[in-house]
Amino acid sequence: MNRRAFFVAGLLAAMVLGPAQAASEVKVIYVGGWDCQPCSNWKNQHKAAWLASPEFRKVTWVEVDPPKLKEAYQERHWPGDLKPILDQLPRKNGTPRFLIVQDGKIVSNEFGTNKWTRTMSDLHKILH
């Protein structure tokens, strides 16, 4: 094999192996309801700062936010790829809920507006 062919083969291998070595996918899932007053409080107090944060740009953000709070844990409001996450939840009630999912597994599960700070702390540890 000549040097040029060896170099090209190395580049191709790096391109194929590169994605396998990429950082794991992290999702942050918000579960709420339009008629949930604590959810509205979280949106008014924290959502804008979250959307502008550097952490937001490093994760996949998903909102499960149906019109009625009592529908928040109904499968029809969870996109198809999130059904395995819904299945992992030991308790399917309570909002606002903040989930951090890494490689398809729930690694943080906090409930209540006052738990947002803890969710952000958990996220910071995962991302850094």
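Modeller: Cys36 and Cys39 are both buried. Keep in mind that this is a predicted model.

Biologist: What makes Cys36 and Cys39 a disulfide?

Modeller: The sulfur atoms of Cys36 and Cys39 are 2.3 Å apart. The cut-off is within 2.5 Å, so the pair counts as a disulfide. A search of the whole structure finds one disulfide.

Biologist: What is the hand of the link between Cys36 and Cys39?

Modeller: The link is right-handed, with 75° about the S-S bond.

Biologist: Let us step back. How many helices and strands does the chain have?

Modeller: Four helices and four strands. From the N terminus, the order is α-β-α-β-α-β-β-α. Buried residues make up 35% of the 128 residues.

Biologist: How do the strands line up in the sheet?

Modeller: The sheet is open and has four strands in the order S2-S1-S3-S4. Its pairing is mixed.

Biologist: Why are S2 and S4 called edge strands?

Modeller: S2 (60-64) and S4 (105-111) each pair on one side only. Neighbouring strands of the sheet are turned by 20° against each other on average, direction ignored.

Biologist: Which residues does Phe98 face on its two sides?

Modeller: Phe98 in S3 is the bridge partner of Tyr30. Phe98 also stands opposite Glu110 in S4.

Biologist: What packs on the sheet?

Modeller: Helix H4 (residues 116-127) does. H4 touches S1, S3 (97-102) and S4. The direction of H4 makes about 10° with that of S3.

Biologist: Why is S3 called mostly covered?

Modeller: Five of its six residues are buried. Leu99 lies in strand S3. Its relative accessible area is 0%, and buried means under 20%, so Leu99 is buried.

Biologist: Which residues are in contact with Leu99?

Modeller: Leaving aside neighbours within four places in sequence, the contacts of Leu99 include Val28, Ile29, Trp78, Ile85, Leu89 and Ile106. Leu99 and Ile85 are 14 residues apart in sequence, and their C-alpha atoms are 9.2 Å apart.

Biologist: Now a charged residue. Why is Glu71 called buried?

Modeller: Glu71 has 14% relative accessibility, and the limit is under 20%, so Glu71 counts as buried. Glu71 lies in the loop between S2 and helix H3 (83-88).

Biologist: What makes the link between Glu71 and His77 a polar contact?

Modeller: The side chains of Glu71 and His77 are joined at 3.2 Å. A polar contact is a pair of N or O atoms within 3.5 Å, so that distance is inside the limit. Apart from neighbours within four places in sequence, Glu71 is in contact with Pro66, Arg76 and His77.

Biologist: Which peptide bond is cis at Pro96?

Modeller: The bond from Thr95 to Pro96 is cis, with omega near -5°. Pro96 lies in the loop between H3 and S3.

Biologist: What sets Asp103 apart?

Modeller: Asp103 has a positive phi of about 50° although it is not a glycine. Asp103 belongs to the hairpin of S3 and S4, which has two residues between the strands.

Biologist: Why is Asp103 called exposed?

Modeller: Its relative accessible area is 53%, and exposed means over 50%, so Asp103 is exposed.

Conventions:
Residues are numbered from 1 along each chain as its sequence is written. This is a predicted model: local features need pLDDT of at least 70, side-chain atom pairs count only at pLDDT 80 or more; totals for chains, interfaces and linings use all residues. Side-chain values use heavy atoms; hydrogens and water are left out. Two strands pair if DSSP finds at least two bridges between them. Axes are lines fitted to C-alpha atoms, for helices over the stretch in contact, and angles run from 0 to 180 degrees between N-to-C directions. Contact means heavy atoms within 4.5 Å. Buried means under 20% relative accessible area, exposed over 50%, partly exposed in between (1.4 Å probe, protein chains only). A polar contact is a pair of N or O atoms within 3.5 Å; within protein, one must be able to donate a hydrogen and the other to accept it, and residues adjacent in sequence count only if both atoms are side-chain atoms.
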